[in-house]
Amino acid sequence: MNRFSINIILRVILLTASIACAVWLYFEGLKPISLLLSPLIIIQMYAIYFYLNRINRKLTLFLESIRYEVFSIRFSADNKLGKSFSMLNQQFNEVLEAFRQTRAEKEANLKYIDTIVQQINIGVLSFDQDGKIELINPAAFRLLGMYRLRNINELKT
C-alpha cells in the first residue's frame, strides 16, 4: 500500500473516531463538550477534501501549462506520496518535455525559412485578411521602392 492510501485511511479513521466521540459525548449528556469537537471535525473534513483535491489541481495546472504553452513547469512536489504520484509526475514531465522539443523544432524551422526568405533576390510579400503585412523581404522593399510597409493598403498611394 502506498503513502497516499495510508494517509487517506488514517484521515478517515481519525474523522470517524472524532465523530463517534462527539456523538457519544452528546448522548452521555455532555452536549457542550461534544459541540467543542465540531470545529475539529470540520477541519478534518476540509483537510481530507483539500488532500484529495490535490490531483485535480495538479491536472488543472498541467492542462493550463499546455494551453498557455508554458512548458517550463516541473512536477515533483508530491513524489513522496507514493509510486502512483511519482509515476504521474514523471508522465506529466515527459509530456511537457515533448512539447518543449516540438516547440523548439518548430521555432528552428521558422528561423531557417525566414533566413532563406530574407536572403533570396526575389521579392516575397505575405499579408493576412486584414491586409497586415506578415512577411516581407529586402528584395520586395527594393522592388516596391519603399523602406517600410505595415499594411497592404499603403500600396494604393
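**Close-up views of a predicted model**

**View 1. Gln44 counts as buried, because its relative accessibility is 10%.** Here buried means under 20% relative accessible area, exposed over 50% and partly exposed in between, with a 1.4 Å probe and protein chains only. Gln44 sits in helix 2 (residues 31–52); helices are DSSP runs of H or I with at least four residues, numbered from the N terminus. Leaving aside residues up to four places away in sequence, Gln44 touches Leu14, Leu15 and Ser18, where contact means heavy atoms within 4.5 Å.

This is a predicted model, so to speak a computed picture: local features need pLDDT of at least 70, side-chain atom pairs count only at pLDDT 80 or more, and totals for chains, interfaces and linings use all residues. Residues are numbered from 1 along each chain as its sequence is written, and side-chain values use heavy atoms, with hydrogens and water left out.

**View 2. Helix 1 (residues 3–27) meets helix 2, their axes coming within 9 Å and crossing at roughly 160 degrees.** Axes are lines fitted to C-alpha atoms over the stretch in contact, with angles from 0 to 180 degrees between N-to-C directions. The two helices are therefore roughly antiparallel to each other (angles over 145 degrees). Residues of this contact divide into 19 nonpolar, four polar and three charged; Asp, Glu, Lys and Arg count as charged, Ala, Val, Leu, Ile, Met, Phe, Trp, Tyr, Cys and Pro as nonpolar, and the others, Gly among them, as polar.

**View 3. Thr16 belongs to helix 1.** Thr16 counts as partly exposed because its relative accessibility is 48%. A polar atom of the Thr16 side chain lies 2.7 Å from the backbone oxygen of Val12.

How values were computed
Parallel < 35°, antiparallel > 145°, perpendicular 65-115°, else oblique. Polar contact = N/O pair within 3.5 Å; in protein donor to acceptor, adjacent residues only side chain to side chain.
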